[in-house]
Amino acid sequence: MSSPVLIAPSILSADLSHLQEEVASIEPFADWLQIDVMDGRFVPNTAFPVEMVRTIETSLPLDVHLMVQDPAKYVQEFLPLHPQNITFHAEAAADTASRRALMQAIRAGGATVGIATNPPTPLQAIDDVLGEVDLLLVMSVNPGFGGQAFIPSVLKKVEEARKRYPQLMIQMDGGVDAQTAPLCIRAGANNLVAGSFIFRAPDRASAIASLRSSS
Ligand code: DX5
């Protein structure tokens with residue numbers, strides 16, 4: 001797999017009282033900007049309502065990660081922002097019909113489609129649509145908060161998905177830092193989300209650069 005690794009800083013760990021400056025500080029060095037949308041129901045936290053995201057000015061493609069119970073509602077809220085990608089959780093869309101309806105709605109709005117799995121969810125749980133999505137997000141923490149420890153057992157899921165789908169974009173999110181990023185890349189991930197590692201770093205540019213290599 002030769003495609004370059006994309007880095008998507010997550011603004012969940014940014015200083016929200018200076019959000020525009022925080023985004024500007026990573027914009028020249030990042031590939032995507034990940035927006036962690038949380039509804040307080042699917043995860044025990046709330047974050048980034050569309051009203052807040054609308055205020056962000058950036059040239060970075062927006063990657064909207066819906067950690068919500070009702071993804072269809074949020075897809076309609078976020079499509080007017082013209083995101084690059086919208087990812088919904090397999091655990092919030094249990095059957096194939098609802099997954100396909102979400103995929104159709106997201107693509108009709110001009111975005112690519114991602115499906116996410118939490119650490120306990122096996123890859124088999126998304127066999128019905130894995131060959132049809134644009135991006136697989138393999139969570140390496142249980143969603144809800146930044147700054148959690150990386151769960152290495154999920155790397156097996158990444159290896160299996162990469163073997164079955166050589167061209168699929170595989171994203172990892174949660175506890176990604178200079179130590180865990182090479183593990184993710186070697187397992188087959190080619191898109192990495194990092195929040196606390198980047199926004200807590202004294203030099204954000206070199207923090208982002210350090211995530212790109214598998215060595
Ligand atoms: C989990 C969030 C976080 C965030 C990144 O709900 O999705 O994974 O994006 O957090 P860090 O990089 O601080 O683990």
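The model is predicted, so local features need pLDDT of at least 70 and side-chain atom pairs count only at pLDDT 80 or more, while totals for chains, interfaces and linings use all residues. Residues are numbered from 1 along each chain as its sequence is written, and side-chain values use heavy atoms, with hydrogens and water left out.

The ligand is surrounded by 22 residues, the closest being Asp36, Gly144, Asp173, Gly195 and Ser196; a residue is near a molecule if one of its heavy atoms lies within 4 Å of it. By type, the shell splits into nine nonpolar, eleven polar and two charged residues, with Ala, Val, Leu, Ile, Met, Phe, Trp, Tyr, Cys and Pro taken as nonpolar, Asp, Glu, Lys and Arg as charged, and the others, Gly among them, as polar. At least two shell residues come from each of strand 2 (33-39), strand 4 (62-67) and strand 9 (191-194). Strand 2 gives the largest share, three residues. Strands (E, at least two residues) and helices (H or I, at least four) are DSSP runs numbered from the N terminus.

As for polar contacts (pairs of N or O atoms within 3.5 Å), a polar side-chain atom of Ser196 sits 2.5 Å from a ligand oxygen. A polar backbone atom of Gly195 is 2.7 Å from an oxygen atom of the ligand, and for the side chain of Ser10 the distance from an N or O atom to a ligand oxygen is 3.2 Å. Taken alone, the ligand exposes 370 Å², and the protein buries 100% of that (Shrake-Rupley method, 1.4 Å probe).

The ligand sits in the largest pocket, meaning that more than half of its atoms lie within 2 Å of the pocket's grid points. A pocket here is an open set of points on a 1 Å grid over the protein atoms alone, where a 1.4 Å probe fits, with protein on both sides within 12 Å along at least five of seven lines; lining residues have an atom within 4 Å of a point. The lining comprises eleven nonpolar, eleven polar and three charged residues.

Terms used:
Polar contact = N/O pair within 3.5 Å; in protein donor to acceptor, adjacent residues only side chain to side chain.
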